[in-house]
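Subject: Structure handover

Hello,

Here is the structure I promised to pass on. Please open it first, then read my notes below.

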Amino acid sequence: MLVSARDMLEKAREGKYAVGQFNINNLEWTKSILLTAEELKSPVILGVSEGAGKYMTGYKTVVGMVNGMLEELKITVPVALHLDHGSYDGCLKCIEAGFSSVMFDGSHYPIEENVAKTTELVAICKDKGLSLEAEVGSIGGEEDGVVGAGECADPDECKAIADLGIDFLAAGIGNIHGKYPENWAGLSFETLAAVKEKVGDMPLVLHGGTGIPADMIKKAISLGVAKINVNTECQLAFAEATRKYIEAGKDQQGKGFDPRKLLAPGAEAIKATVKEKMELFGSVGKA
């Protein structure tokens, strides 16, 4: 059964580790992530962008697929199904469809509008027992058309959003979506520490987990980060493994490509990536 991410992140914050959010785009990705989480006894958050939800034909399809897998694969670890970088309307649709957690990304609005919309969603999520993530300071790069310049969040604005009753907060600290450029300045731990001082024990979220050095990841966790998002690294691993398999011509045999065999190397690459990240984040055995 899907669960809110609230309890797993509070436990992670107290235990000084982070729960991984791994975005899903199809059945193979979802299956690989769930099986790895079960094997490692790690809690996990399945992230779904609005673009991925549309690609998979809609949020109800995603909920049905994930719930079916939880039952058929006999998954026992805590699993949250979470809307990633959601619009206000997207949040409402995912709540109706049966998601257990949503993120409202109001970082591109003036702080007053971010507060107003977040306030409305807090009331809805609390009534339904769902967890809610909010964002202050846009995350750099582009993900499904959501573009950010890698801003560092204003700690006072973070407190204003945190005080509304959200469950965890994504604060921009110089992190970006996608691959990090060679001249990337790194995470602003000064900003992270200032945000932590303002919001207290609220679990913090680090987006753009691909390519951040391990020492920065561990320092961020020590400063209150309890959820780390990974998407690009899984995309790259899946694409590279599939490409190599196709180029090797292993599945042709005069019959064309069997899609199950074609996607299998990519699925194994996803498993390896998720395992590596769960070990780095310290969530292994914490289910």
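Helices (H or I, at least four residues) and strands (E, at least two) are DSSP runs, numbered from the N terminus.

A word on the ground rules. This is a predicted model, where local features need pLDDT of at least 70, side-chain atom pairs count only at pLDDT 80 or more, and totals for chains, interfaces and linings use all residues. Residues are numbered from 1 along each chain as its sequence is written, and side-chain values use heavy atoms, with hydrogens and water left out.

**Helix 5**

Which residues of helix 5 are buried? They are Tyr 88, Gly 90, Cys 91, Cys 94, Ile 95 and Ala 97. Buried means under 20% relative accessible area, exposed means over 50%, and partly exposed lies in between (1.4 Å probe, protein chains only). The buried residues of helix 5 pack against helix 3 (50-55), helix 4, strand 3, strand 4 and helix 6 (111-128).

Two strands pair if DSSP finds at least two bridges between them.

Strand 1 (residues 19-23) pairs with strand 2 (residues 44-49) in the parallel sense, over three bridges. Asn 23 stands opposite Gly 47 in strand 2.

Contact means heavy atoms within 4.5 Å.

Now strand 8 (residues 168-171). Phe 168 and Ala 170 point one way, Leu 169 and Ala 171 point the other way, and all are buried. In a regular strand the side chains alternate between the two faces of the sheet. Strand 5 (residues 131-136) runs parallel to strand 8 and is joined to it by four bridges. Glu 135 stands opposite Ala 170 there. Strand 8 also pairs with strand 9 (residues 204-206), in the parallel sense over two bridges. Leu 169 has Leu 204 as its bridge partner in strand 9.

Strand 10 (residues 225-230) has six of its six residues buried, so it is largely enclosed by the rest of the structure. Three bridges join it to strand 9, and the two run parallel. Val 205 has Lys 227 as its bridge partner in strand 10. Strand 1 is joined to strand 10 by four bridges, again parallel. Gln 21 stands opposite Asn 229 in strand 10.

**Aromatic pairs**

How many aromatic pairs are there? The count comes to four. The rule: rings of Phe, Tyr and Trp (its six-membered ring) pair if their centres lie within 6.5 Å; planes under 30 degrees apart count as stacked, over 60 as edge-to-face and the rest as tilted.

One of the pairs is Trp 29 with Phe 238: the ring centres are 5.7 Å apart and the planes at 50°, so the pair is tilted. Trp 29 lies in helix 2 (residues 27-40) and Phe 238 in helix 10 (residues 232-248), so the pair ties together parts that are 209 residues apart in sequence. Trp 29 and Phe 238 are buried.

Tyr 88 and Phe 104 have ring centres 6.5 Å apart and planes at 85°, so this pair is edge-to-face. Tyr 88 lies in helix 5 and Phe 104 in strand 4, so the pair ties together parts that are 16 residues apart in sequence. Both Tyr 88 and Phe 104 are buried. Tyr 88, Phe 104 and Tyr 109 form one aromatic cluster.

**The chain overall**

The protein chain has eleven helices and ten strands. Of its 287 residues, 55% count as buried. Its C-alpha atoms fill a box of roughly 65 × 45 × 35 Å, taken along the principal axes.

Best wishes
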